[in-house]
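Take a walk through this model, stop by stop. Keep the sequence and the 3D view side by side.

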Amino acid sequence: MELATKEEIRQTKLDSYWDNDLKLVFDDIAERYDTANDFFSFGVWTRLRRKFVAWADMPKNSNILDVCAGTNAVGIDLLLKD
């Protein structure tokens, strides 16, 4: 099966699901996403994020790319770092 054909199948099966059902789920939890991460990880997420930000040694005005940033909690913490 060609790649283009696989992509067409993916679009047919998943695009309507993403546009309707999955988007509703993400819209519903967006405001509580970081709180939920912290709760379900028993606080490990926040501790790891704080340790990483404290460890990261970047010159002032550095450019940072956070791929798959989610709510961008790490990026925001890095921006607020003294």
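In which helix is D34 found? D34 sits in helix α2, which covers residues 33–40. The model is a predicted one. D34 counts as partly exposed because its relative accessibility is 29%. Now look across to T71. D34 and T71 are 37 residues apart in sequence. In space, their C-alpha atoms are 7.3 Å apart.

Go on to the salt bridge. A search of the whole structure finds one. R49 and D77 form it, and their closest N and O atoms are 2.4 Å apart. Is R49 buried or exposed? R49 counts as buried, because its relative accessibility is 12% and the cut-off for buried is under 20%.

Next come the loops. Most residues other than glycine have a negative phi. Two residues here call for a look at that angle. F42 is not a glycine, yet its phi is positive, at about 55 degrees. F42 lies in the loop between α2 and α3. With 73% relative accessibility, F42 counts as exposed. N72 also has a positive phi, near 65 degrees, and is a residue other than glycine. The place of N72 is the loop between α3 and α4. N72 is partly exposed, because its relative accessible area is 29%.

Which residues make the nonpolar patch of about 440 Å²? The patch is made by W18, V25, F26, I29 and Y33. Helix α1, residues 3–29, gives the largest share, four residues. F26 lies in helix α1. F26 counts as partly exposed, because its relative accessibility is 39%.

Finish at the largest pocket. The space in this pocket is about 370 Å³. The pocket is lined by 15 residues, and the closest to its centre are M58, P59, I64, L78 and L79. What is the lining made of, by class? Six residues of the lining are nonpolar, four are polar and five are charged.

Note on methods. Residues are numbered from 1 along each chain as its sequence is written. This is a predicted model: local features need pLDDT of at least 70, side-chain atom pairs count only at pLDDT 80 or more; totals for chains, interfaces and linings use all residues. Side-chain values use heavy atoms; hydrogens and water are left out. On a 1 Å grid over the protein atoms alone, a cavity is a set of points where a 1.4 Å probe fits but cannot get out, and a pocket is an open set with protein on both sides within 12 Å along at least five of seven lines; lining residues have an atom within 4 Å of a point. Grid points are joined across faces, edges and corners, and a volume is the space filled by probe spheres set on the points. Ala, Val, Leu, Ile, Met, Phe, Trp, Tyr, Cys and Pro count as nonpolar, Asp, Glu, Lys and Arg as charged, and the others, Gly among them, as polar. Patches are made of residues with over 30% relative accessible area and no salt bridge: like charges are joined within 9 Å, nonpolar side chains (Val, Leu, Ile, Met, Phe, Trp, Tyr) within 5 Å. Accessible areas come from the Shrake-Rupley method with a 1.4 Å probe; for residues, only the protein chains shown count as cover. A salt bridge is a side-chain nitrogen of Lys or Arg within 4 Å of a carboxyl oxygen of Asp or Glu. Helices (H or I, at least four residues) and strands (E, at least two) are DSSP runs, numbered from the N terminus. Buried means under 20% relative accessible area, exposed over 50%, partly exposed in between (1.4 Å probe, protein chains only).
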